[in-house]
Amino acid sequence: AAGSQLPVSSFTERPKLPDNYTQETWQKLHEAVGAIQSSISIKYNLEELYQAVENLCSYKVSATLYKQLRQVCEDHVKAQILQFREYPFLMEKKNSLDSLLFLKKINKCWQDHCRQMIMIRSIFLFLDRTYVLQNSMLPSIWDMGLELFRNHIISDKQVQNKTIDGILLLIERERSGEAVDRSLLRSLLSMLSDLQQVYKESFEQRFLEETNCLYAAEGQRLMQEREVPEYLHHVNKRLEEEGDRVITYLDHSTQKPLIACVEKQLLGEHLSAILQKGLDNLLDENRISDLTQTYQLFSRVKGGQQILLQHWSEYIKNFGTTIVVNPEKDKDMVQELLDFKDKVDHIIEVCFQKNEKFINLMKESFETFINKRPNKPAELIAKYVDSKLRAGNKEATDEELERILDKIMIIFRFIHGKDVFEAFYKKDLAKRLLVGKSASVDAEKSMLSKLKHECGAAFTSKLEGMFKDMELSKDVMVQFKQYMQNQSDPGNIDLTVNILTMGYWPTYTPMEVHLNSEMIKLQEVFKTFYLGKHSGRKLQWQTTLGHAVLKAEFKEGKKEFQVSLFQTLVLLMFNEGDEFSFEEIKMATGIEDSELRRTLQSLACGKARVLIKNPKGKDVEDGDKFVFNGDFKHKLFRIKINQIQMKETVEEQVSTTERVFQDRQYQIDAAIVRIMKMRKTLGHNLLVSELYNQLKFPVKPGDLKKRIESLIDRDYMERDKDNPNQYHYVA
């Protein structure tokens, strides 16, 4: 009635549901779930069903609703198992066609289950979001579905085994090169992953065991059948395939153990065998891409790099030793060392990713093999540098020469007895400077600064002194020319003198030869001039490295010869007569026997034959006669015949080496005396180890013992009366 008040309380209490509302609503929902499960269309509109669930939840029947829903789902899932139970081929493990049909059936069952649960959840969403969320013990509707599927289907031992067997069989077929249904695999494996522990416990363990067996057998077989590059290529391919498998259908967590398994069985088990079988070959043939692959694969495996390093070092030492120890290969030794060094550098840079360990071990290995043959490599390196710094070395521009010298310094660094290098370098440098055969002062100075940087100033001080002498001599010659202009009779020989400081230059054995009167007179003039400026100095003429330019007339016309002083003395005799015997020439010139034979050989048996020898022959024998060759022809006007001065004689080589050894004796003696003077008393072993620290060249214990004995004999030190291994310094 108008004006009457409605009691408020009736709104605070919910209006009562009609009696059988709950019953009827559940009936509707039950029917809808059944329709979803049977894949037939639902009679009701989804909005209406969703609202119905919300109404029931508002009326506190959520718990019952959840239980009823679970029961319906469980009944449905239980019913599914029957189709697999009755599956006829359940026990025939490897029949692949049936296995595939079975997998497809399981997959369909799973896909249907997921689709149905998504729809069911969308109808019961209100229940899922309220009641289930508030009860932490209850699984969500989706998880409940998974749990039912796991408990009733996949946990069935027969179904589970058959599924996993089938999956493994498909993977095995794919590994042997067949095409398989990868989307089926992906679907089934994600099913196992979704069902929590099934993937880890039931599938992964068996999968890894089978992988292990497969690759263990494959590794053994292919190591026998294939060459190393093909084998490594195969390993790489397998690793890529397995990586792809993880991306395509396996669970990501399987990646680490799977890849580790492949690496262990195909690489780890065969590291030594692979390297023994194929590394030397790859290095010999410089197979860059295969070496790169070796390095990359070995770097993946524990201990792989370590073992590759050992074999790398062995290879360098073995190959290097063949270059160094064979005297027949001496003429090519240095070039081969440089080529070998270039090759290993390139491999380190391109194949081994500039790995420090490989660089350091390469250096150690070079040092080991190059010192297996003492002294010779050092001598040959010095000679190689000489060949590059000499005039007439056409092959290199300044930049190239600089690069070659840098490379030589790297090889030089590995040498232990650097004093041998110094001795030969000094001998050759002297010739280049005195015979005027140096290609470029810049290159000479550059090499000198490299040596100074490498070995210190003491090492190069004498070599620098040689250059200073040459500079000073130029200044002296300018003054001498002025002095000569003021002489009443300057003579018609143009004399150039190099004044050498004894200590800087190699020691030359003075040779007394018979100069002609004009030369002797000129020498005296120079001596007067020089000693007038520097009183108290002593001049000693060195004839071996003197040289001259001679003018000669032949039927064909005039020529000039660049000749050594000895060649000059021989040729000037033919102004006095037409024919001389070997003995007559020897008497007249006073040149030492073997020097004279070499000199005559160069004039009568070489390319430019200014003299004719009778009888003909390569060697100069006693009794040979020599005649001036008036018919001499040559395309050039100025002809060099004095290369003979640059050639090293056997005597020269031996005496240079002997001087080094002599010098080493002095150094050892000096070091022993220094140490004993400081320590006063010392045991033999301590003295020897102290000497090894101080000496810059390799020595054998036996040599040290001899020097100690010699010093005891000369009273620099004495043995202890009671202990012969103890020495005392004698002041």
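Biologist: Which residue in β9 is the bridge partner of L682?

Modeller: This is a predicted model, in which local features need pLDDT of at least 70 and side-chain atom pairs count only at pLDDT 80 or more, while totals for chains, interfaces and linings use all residues. Residues are numbered from 1 along each chain as its sequence is written, and side-chain values use heavy atoms, leaving out hydrogens and water. Strands β7 (residues 681-683) and β9 (residues 726-729) run antiparallel and are joined by three bridges, where a strand is a DSSP run of E of at least two residues, numbered from the N terminus, and pairing needs at least two bridges found by DSSP. Within β9, the bridge partner of L682 is Y727.

Biologist: Which residue in β9 does E718 stand opposite?

Modeller: Strand β8 (residues 717-719) pairs with β9 in the antiparallel sense over three bridges, and these two strands form a hairpin with six residues between them. In this arrangement, E718 stands opposite H728.

Biologist: What area is buried between domain 3 and domain 4?

Modeller: Domain 3 covers 469-533 and domain 4 covers 546-648, with bounds from an automatic or database domain assignment. Buried area is the accessible area (1.4 Å probe) that two parts lose on being put together, summed over both. Carbon and sulfur atoms give 73% of the area between these domains, which is about 650 Å².

Biologist: How many salt bridges are there between domain 3 and domain 4?

Modeller: A salt bridge is a side-chain nitrogen of Lys or Arg within 4 Å of a carboxyl oxygen of Asp or Glu. Between domain 3 and domain 4, the count of salt bridges is zero.

Conventions
Helix = DSSP H or I, 4+ residues; strand = E, 2+ residues; numbered from the N terminus.
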